[in-house]
Amino acid sequence: MAISKSVMSLLLLAICISACSAQPGLESGRREVLVSETLEYYLYFPPDYDQNSDVKFPLLLFLHGGGESGADLDLLRENGPPKLLAEGKEFPFLILAPQNPHKQQWWNVRAVMMLLESVRAEHRVDTNRLYLTGLSRGGNACWEIATQYPETFAAMAVVCGMTPVPYAHWISKSMPIWVFHGTDDPVIPFSESEEMVRKLKEMGYDAQLTAYKGVGHNAWEKAYQEERLYTWFLSHSR
């Protein structure tokens, strides 16, 4: 029996409606996601920490570069303040140096800040004199921490770190910033630091740049030997 044109049209319409209703749509949802991170670290105490039981001490948080990431904590002794400590240098403040356990991942800055908070709660730390520094990948993390936790640190020093210039809008103007970079850096271009510091100054920040002419990516070898850097840190308080 022949099917009329009107019946055929209704059948086609029903098929189209059925097909359309079967298409996936936008659905709302909610799910709790828990992320666990284990951080190994070095914690340095100044020589007079035990003798001055009523005194709270400043603390410097140091974040290493990509080459020291992984599961070998001794790698941290190769650069930055941990290297100086291993060589016998003493500092008048605590130094917290965690290790990024991931070779190919950025720092988990939330985990770092949770570690810092636990150390601060367990020891005599002056929360008005918390200082932040890092090199290379750790320098990148410093910029990120400065934007996400703008009211935490009294001063920050970044060595050959990479940062998007728009970060400048989210950093606290009350935190002085000192940036170090080699002009011949083949890994993270000198322009990264140059443009960021220029933007910060335009916006009225207390920011300065030390350029090491002819130096490559290893600007940290000079930067952390600068004794005035540590005097500069200690001159600032929130």
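This is a predicted model: local features need pLDDT of at least 70, side-chain atom pairs count only at pLDDT 80 or more; totals for chains, interfaces and linings use all residues.
User: Which residues line the largest pocket?

Analyst: Rolling a probe the size of a water molecule over the atoms shows where empty space is left. A pocket here is an open set of points on a 1 Å grid over the protein atoms alone, where a 1.4 Å probe fits, with protein on both sides within 12 Å along at least five of seven lines; lining residues have an atom within 4 Å of a point. In this case the lining is V35, S36, E37, N108, R110, A111 and M114. The space in the largest pocket is about 210 Å³, counted as what probe spheres set on the points fill, with points joined across faces, edges and corners.

User: How do helix 3 and helix 4 cross?

Analyst: Two packed helices are described by the angle between their axes and the distance between the axes. Axes are lines fitted to C-alpha atoms, over the stretch in contact for helices, and angles run from 0 to 180 degrees between N-to-C directions. Helices (H or I, at least four residues) and strands (E, at least two) are DSSP runs, numbered from the N terminus. The axes of helix 3 (residues 109–122) and helix 4 (residues 137–148) come within 10 Å and cross at roughly 75°. That makes the pair roughly perpendicular (65 to 115 degrees). Contact (heavy atoms within 4.5 Å) involves V109, V112 and M113 of helix 3 and A141, E144, I145 and Q148 of helix 4.

User: What is the strand order in the sheet?

Analyst: Strands pair if DSSP finds at least two bridges between them. This open sheet of 7 strands runs 1-3-2-4-5-6-7, with mixed pairing. Strand 1 (41–44) and strand 7 (207–212) are the edges. Strand 2 (residues 57–63) and strand 4 (residues 125–135) run parallel, joined by 6 bridges; Y131 in strand 4 is the bridge partner of L60.

Terms used: Residues are numbered from 1 along each chain as its sequence is written. Side-chain values use heavy atoms; hydrogens and water are left out. Angles under 35 degrees count as roughly parallel, over 145 as roughly antiparallel, 65 to 115 as roughly perpendicular and the rest as oblique.
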